[in-house]
Amino acid sequence: MLQNKTITFLGAGSMAESIIGGLVRHNVVESQQIIATNLSDQGKLNYLEHTYGIQTTSDRSEAIRQGDIVILAMKPKHVKEAIEDIQQATNSHQLFVSVLAGIPTFYIEDLLGSKAGVIRTMPNTSAKVGASATAITKGRHATDIQLHEVEQLFSSVGTVTIVKEDKLDAVTGLAGSGPAYFYYLVEAMEQAAKEAGLTADEASAFITQTIIGVGKRLQSTSKSSKELYEEVMSPNGTTEAGINVLKAQKTQEAMCKAVTRAISRSKELGEVFTKTK
Ligand SMILES: NC(=O)C1=CN([C@@H]2O[C@H](COP(=O)(O)OP(=O)(O)OC[C@H]3O[C@@H](n4cnc5c(N)ncnc54)[C@H](OP(=O)(O)O)[C@@H]3O)[C@@H](O)[C@H]2O)C=CC1
Ligand SMILES: O=C(O)[C@@H]1CCC=N1
């Protein structure tokens, strides 16, 4: 499906690089089928060209003209100016794939001003290692064939779930932002490990393998998360001592609030930018 298609990235930051890394590593398309462009950071384009063997250009309109699939990968606050800038170079046969938090498909369709298909997605940075948990949904003009094309594209960088658009904000707060919550906790575990006398390498090896083990276990068991952490706890043992501190600090409540706030922020992003159209 993706053979002979040119994929243009409008925006070449963290998320674009994570997807490009996954596509190239998993040979989904030839690296020369990928073009990346951005606003002004020539150094980043040089780095992407050198690292992944893709094409890059600072000529955004030309990059868009060549794209069969255009991945919109700028910050939500830049989407209006970014699309207006290249709108003349677009055509209705192209497929536009947004990774933008909060921005509804109708907003992008209106900015494009054509019947071009728009698919909204929410990947995460684990795409870089083929482990994103991506949600996708189609806009008014996108076809089922285009949806499956995007499913195939993101399957190469992790799992893909097709959802209704009204679930995208929830997925954004949960899984788009999700890796950051875990990295944030890892930072704290590293600090504790250092204070206990482990080297950075030792801490990293133990923490990383522990997280991988948790992910694999969650994937392979029907037990609930509560059953799984209770399985680790011996009465009056080390884990119970640790969990009691987390309970006293209301850690679950804090995590629940964090995800809920991220979800509402995704909604706000959509509202703010669609109102100021
Ligand atoms: N980071 C993440 O974990 C995730 C991010 N997302 C979404 O991905 C999008 C990008 O985020 P992220 O990669 O972190 O952001 P970055 O700031 O790393 O990258 C943004 C990119 O957009 C480019 N850009 C800015 N303005 C324009 C313009 N007018 N035309 C073309 N390109 C432009 C920037 O170019 P320059 O550097 O030259 O200014 C830069 O390459 C966001 O919408 C975010 O919601 C979704 C899921 C996860
Ligand atoms: O923080 C953000 O807004 C983006 C969207 C999901 C992850 N990063």
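We begin with the whole protein and then move to its parts.

**Before you click**

This is a predicted model, in which local features need pLDDT of at least 70 and side-chain atom pairs count only at pLDDT 80 or more, while totals for chains, interfaces and linings use all residues. Residues are numbered from 1 along each chain as its sequence is written, and chains are lettered from A and ligands numbered from 1 in the order in which they are written.

**Stop 1: the whole protein**

Show everything as a cartoon. You will see 12 helices and 8 strands (DSSP runs numbered from the N terminus, with helices being H or I of at least four residues and strands E of at least two). Along the principal axes, the C-alpha atoms fill a box of roughly 65 × 40 × 35 Å. Of the 277 residues, 35% are buried; a residue is buried if 20 or more other C-beta atoms, placed from the backbone, lie within 10 Å of its own, exposed if 12 or fewer, and partly exposed in between. Among contacts with a separation of 6 or more, 69% join residues 24 or more positions apart (a contact means C-beta atoms, placed from the backbone, within 7 Å).

**Stop 2: ligand 1**

Select ligand 1 and its surroundings. Its shell holds 29 residues, and the closest are G11, G13, N38, A82 and A101 (a residue is near a molecule if its C-beta atom, placed from the backbone, lies within 6 Å of it). Helices α1 (14-25) and α4 (79-86) each supply at least two residues of this shell. Colour the shell by type to find 14 nonpolar, 9 polar and 6 charged residues; here Ala, Val, Leu, Ile, Met, Phe, Trp, Tyr, Cys and Pro count as nonpolar, Asp, Glu, Lys and Arg as charged, and the others, Gly among them, as polar.

**Stop 3: the annotated binding site**

Next, select L10, G11, A12, G13, S14, M15, A73, M74, K75 and P76, which an unreviewed UniProt entry marks as "binding site". They span 67 residues in sequence, yet no two of their C-alpha atoms are more than 13.9 Å apart, so they gather at one spot. UniProt positions follow the numbering used here, feature names are shortened, and annotations may be inferred rather than shown by experiment.

Zoom in on A12, in the loop between β1 (7-10) and α1. Is A12 buried or exposed? A12 counts as buried, because it has 23 C-beta neighbours inside 10 Å. Beyond its neighbours within four places in sequence, its contacts are A36, T37, N38, K44, L45 and L48.

Now find P76, in the loop between β4 (69-72) and α4. With 18 C-beta neighbours inside 10 Å, P76 counts as partly exposed.

**Stop 4: ligand 2**

Which residues surround ligand 2? Select A101, T172, G176 and S177 to see them. This shell has 1 nonpolar residue, 3 polar and no charged.

**Stop 5: helix α6**

Select residues 144-155, helix α6. Its buried residues are Q146, E149, V150, L153 and F154. They cover an arc of only 125° around the axis, which puts them on the same side of α6 (the arc is that of the directions from the helix axis to the C-beta atoms). The face turned away from that side carries exposed D144 and I145.

**Stop 6: the annotated domain**

Finally, select residues 165-269, where the unreviewed UniProt entry places "domain: Pyrroline-5-carboxylate reductase dimerisation". This span is 82% helix and 0% strand, and its end C-alpha atoms lie 15 Å apart.

Definitions and conventions. The expected span of a helix is 1.5 Å times one less than its number of residues. Two residues are in contact if their C-beta atoms, placed from the backbone, lie within 7 Å.
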